[in-house]
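Please look at the sequence and the model below, and then follow the questions and answers after them.

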Amino acid sequence: MSGVTKVFNGRKGKVEALRSVDLDIRRGEFVSVLGPSGCGKSTLLMLLSGLLSRTEGNISVGGKDITKPNSDLGIVFQQDVLLDWRSALDNILIQAELRKSPMEEAKAKARNLLRMVSLQDFEDAYPHELSGGMRQRVSICRALLHEPDLMLMDEPFGALDAMTRDQLQIDLLRLCSERDMTVFFITHSISEAIFLSDRVVVMTPRPGRIERIIDIDLPRPRR
Ligand code: ADP
Ligand code: ADP
């Protein structure tokens, strides 16, 4: 991203959510974004996804300018967005249906992913039968089914208890190293950012800007 500015036309007038943001993320890198509420973290993520359009500046992913929603990436939000009337497995398979991928192959992949997050015995369970942490794991599996090169995560573990969060962090790091995935990860937790990331982007609000970028050089399970 270079010189990226985003201005919303809100009901109370214009809001400059981001001003002149420059950010260069390398392939395979895990980048966390920290900062107080309203500093533009979610806006940054939505711009990267192509679901939101910038006011000024350039954004490219994999060398290609973003002009429309990019279906090659995975997104996970703070609250899982599973369909109540579909089982865990069928929620993951939505990805395959949307892409018209071969269903048998997708099923095998989905079962592998469920095994990876220790939910192999819950493929037939419906969302209301699963805990918050389990539902979030299903959401992560769904975002991973098509093996995205880029994963965008907006406080994916924010609503979870500490034990579930610790387990999911480790699951995520393992998946990242196995797939050489690039991850853009929003969090409110400094320790989570330090544990997971190669670099931490610290933002400040009004207008949203990058205050600093910190390199983290710690041995990690994925190395
Ligand atoms: P958080 O602080 O947890 O990151 P927010 O409450 O800032 O989340 O934003 C949640 C969602 O509401 C975002 O998708 C954002 O685009 C939208 N949003 C935030 N502020 C406004 C606003 N003033 N007007 C309309 N939508 C907004
Ligand atoms: P964060 O994720 O860091 O909490 P956001 O990206 O949600 O921050 O919001 C950044 C700023 O932009 C906030 O002031 C928010 O109110 C504003 N904003 C976000 N989305 C909208 C929107 N759709 N309309 C108007 N203002 C918005």
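This is a predicted model: local features need pLDDT of at least 70, side-chain atom pairs count only at pLDDT 80 or more; totals for chains, interfaces and linings use all residues.

Residues are numbered from 1 along each chain as its sequence is written, chains are lettered from A and ligands numbered from 1 in the order in which they are written, and side-chain values use heavy atoms, with hydrogens and water left out.

Q: How many of the 5 residues of strand 3 are buried?
A: Buried means under 20% relative accessible area, with exposed over 50% and partly exposed in between (1.4 Å probe, protein chains only); strands (E, at least two residues) and helices (H or I, at least four) are DSSP runs numbered from the N terminus. Strand 3 is largely enclosed by the rest of the structure, because the number of its residues that are buried is 5 of the 5.

Q: Which residue of strand 10 is the bridge partner of V33?
A: Two strands pair if DSSP finds at least two bridges between them. Strand 3 is joined to strand 9 (residues 182-186) by 4 bridges, and these two run parallel, with V31 partnered by F184. Strand 3 also pairs with strand 10 (residues 199-204) in the parallel sense over 4 bridges, and there the bridge partner of V33 is V201.

Q: With which side chain does the side chain of E29 make a polar contact?
A: E29 is placed in the loop between strand 2 (13-21) and strand 3 (30-34), and it counts as buried because its relative accessibility is 5%. A polar contact is a pair of N or O atoms within 3.5 Å; within protein, one must be able to donate a hydrogen and the other to accept it, and residues adjacent in sequence count only if both atoms are side-chain atoms. A polar atom of the E29 side chain lies 2.9 Å from the backbone nitrogen of R26, and the side-chain partner, at 2.6 Å, is R199.

Q: How many of the 9 residues of helix 1 are buried?
A: Among the buried residues of helix 1 are K41, L44 and L48, and the helix is followed by G50, whose phi is positive, near 85 degrees. Helix 1 (residues 41-49) is largely enclosed by the rest of the structure, because the number of its residues that are buried is 7 of the 9.
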